Amino acid sequence: MRSWLRQHRLALAAAIRKWRAQRAAALLNALALGVALALPAGGYAVLEALDRLSTRSAIDPQLSVFMRTDAEPEAARQLAARLRGDARIHRVRLITREEALAALRGTSGLADVVAALGSNPLPDTLVLTVAGSSDGVLDQLAEELGRAPGVALAQVDALWARRLAALERVGRLALALLAAILAVGLVAIAFNTIRLQILTQRDEIEVSKLIGATDGFIQRPFLYLGLLQGLSGVLVALALVGAGLTLMNTEIVGLARSYGSEFRLPFFSSGEAVALALIAGGLGWLGAYMSVSRYLREIEPK
Amino acid sequence: MISFSAVSKRFPGGKDALRGVSFAVEDGELLFITGHSGAGKSTLLKLIAAIERPSSGSVLVNGQNVGALKRAAIPYLRRNLGLVFQDQKLLYDRSVYDNVMLPLAFSDHPPREAARRARAALDKVGLLERERANPIQLSGGEQQRLAIARAVVNRPSILLADEPTANLDVDSAGHILDIFVAFNRVGVSVLVATHDLALVERYGTRVLRLAEGRLLGEGGGG
């Protein structure tokens with residue numbers, strides 16, 4: 001165990017030496033990797049923020065069911081009771097026409113208007129929150145309820161939230177594709193830089209192999225080097241995304257405030273940053289592994 | 001112990017480096033392998049270290065069929081062998097001392113023990129005062145001695161040397177062979193491939209003569 005640890009410590013030290021020996025190249029590499037990582041990571045940060053915005057309960061997709069004004073007062077109550085038993089529906093709120101009128105009267109400046117009305121023109125209303133928010137359920141319910149006795153109109157609200165959610169799904173798909181392409185690119189970058197590093201140490205590798213070094217021993221420093229490169233790319237990516245979000249937030253804060261919202265694009269949580277580091281480090285490691293094992297096979301005598 | 005039975009090696013392209021070679025080497029033996037260049041001396045040594053694999057026949061080293069060794073097992077075979085290469089394969093990006101430390105890095109000795117062994121090996125070949133030099137600063141004979149120090153630092157039971165005296169003047173060559181004889185005296189089996197018959201005859205030990213991949217016979221003053 002102690003010797004295992006020593007082997008790894010030595011390999012890591014060797015990797016850091018190799019890395020520092022070519023500081024300029026390592027820096028450019030970190031930049032290239034950082035940019036490749038910043039695109040999907042930044043996109044992820046923006047989409048996560050939009051996701052939080054579109055799933056806020058205030059704009060949850062809802063269904064408003066307006067009863068006919070000539071319907072029996074009991075009709076709304078009965079319908080509400082029936083819908084409370086429906087598994088598709090999360091919550092049912094009944095607003096009677098009297099309550100609605102009272103609310104309207106309470107709204108400043110409208111009391112006079114209400115007084116002038118004479119009779120109450122408002123219908124009984126059911127506001128339904130649907131369990132889950134799949135569009136199919138919502139539309140199906142709207143159609144069903146539109147035909148129910150005593151119902152004048154069933155209307156799906158928060159259409160813009162649904163559109164935003166749909167857009168977000170498209171965005172997520174595009175982001176996943178981008179991330180997959182860039183992940184392949186990242187592996188390729190690591191593969192190539194490690195290959196160059198291997199070629200500068202061809203003699204050492206050949207001699208080591210000839211006098212009894214295991215493939216694992218030869219690979220280890222290069223694997224750590226790949227890992228370090230991936231991690232250096234993560235640092236650059238975090239800096240780029242952080243700077244980008246800060247810049248966007250200076251505009252967004254003003255825009256959001258005009259809607260009475262405190263919305264802003266949040267930076268990664270520490271968990272997300274660690275996940276990014278694991279992914280990028282892992283991809284760097286993978287590129288290095290592919291590169292060095294390929295080279296070791298090449299120099300293997302037949 | 002090393003034994004070859006009916007070993008042939010054909011390289012891609014059809015060149016036969018060895019044809020039906022059989023012989024055995026006892027523990028603690030000093031054996032010279034002679035022949036013109038291209039006679040198959042290098043190939044023979046490479047088969048022992050599993051640097052090449054035989055096309056037919058079997059090569060046994062300490063009871064192991066090295067021609068059939070799995071890739072992962074080969075490093076452990078080589079750690080028990082000391083290899084002195086024809087082109088030495090020294091690393092010129094590091095000191096004499098670090099060249100000798102190389103095999104100790106992966107055979108996993110504690111650092112202090114490794115340093116002690118490296119200095120002992122350098123001392124045996126008379127290069128202890130040059131440990132900080134770069135190999136490029138050494139003379140041809142010194143470079144060859146450094147290659148030997150690196151080969152013996154892991155205390156192998158078998159030492160294989162391919163043309164260790166090529167390009168050396170007679171005095172240096174004699175010095176190199178004396179070093180091999182000294183290792184042999186402490187129980188190491190030593191196989192030396194050389195084309196220099198005159199030098200070999202001074203030692204009066206067993207000699208294998210190769211020509212065009214065939215074993216011509218054994219000689220020596222034994």
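Before reading any strand pairs I noted that two strands pair if DSSP finds at least two bridges between them. Helices (H or I, at least four residues) and strands (E, at least two) are DSSP runs, numbered from the N terminus. I also kept in mind that this is a predicted model, in which local features need pLDDT of at least 70 and side-chain atom pairs count only at pLDDT 80 or more, while totals for chains, interfaces and linings use all residues. Residues are numbered from 1 along each chain as its sequence is written, chains are lettered from A and ligands numbered from 1 in the order in which they are written, and side-chain values use heavy atoms, with hydrogens and water left out.

Entry one, the sheet of chain A. I found an open sheet of 4 strands in the order 2-3-1-4, with antiparallel pairing. Strand 2 (89-95) and strand 4 (151-156) of chain A are its edge strands, each pairing on one side only. I then followed strand 2 of chain A to strand 3 (residues 125-130) of chain A, to which it is joined by 6 bridges in an antiparallel run, and there A:Arg91 has A:Thr129 as its bridge partner. Helix 3 (residues 73-84) of chain A packs on this sheet and touches strand 1 (62-67), strand 2, strand 3 and strand 4 of chain A, where contact means heavy atoms within 4.5 Å.

Entry two, two helices of chain A. The axes of helix 8 (residues 202-210) and helix 9 (residues 215-258) of chain A come within 9 Å and cross at roughly 155°; axes are lines fitted to C-alpha atoms, for helices over the stretch in contact, and angles run from 0 to 180 degrees between N-to-C directions. That makes helix 8 of chain A roughly antiparallel to helix 9 of chain A, a term used for angles over 145 degrees. On the side of helix 8 of chain A the contact is made by A:Ile205, A:Ser208 and A:Lys209, and on the side of helix 9 of chain A by A:Asp215, A:Ile218 and A:Phe222.

Is strand 7 (residues 158-162) of chain B enclosed or open? I read that 5 of its 5 residues are buried, so strand 7 of chain B is largely enclosed by the rest of the structure; buried means under 20% relative accessible area (1.4 Å probe, protein chains only). Strand 7 of chain B pairs in the parallel sense with strand 6 (residues 81-84) of chain B over 4 bridges and with strand 8 (residues 189-194) of chain B over 5 bridges.

Conventions. Parallel < 35°, antiparallel > 145°, perpendicular 65-115°, else oblique. Buried < 20%, exposed > 50% of the residue type's maximum accessible area, 1.4 Å probe, protein only.
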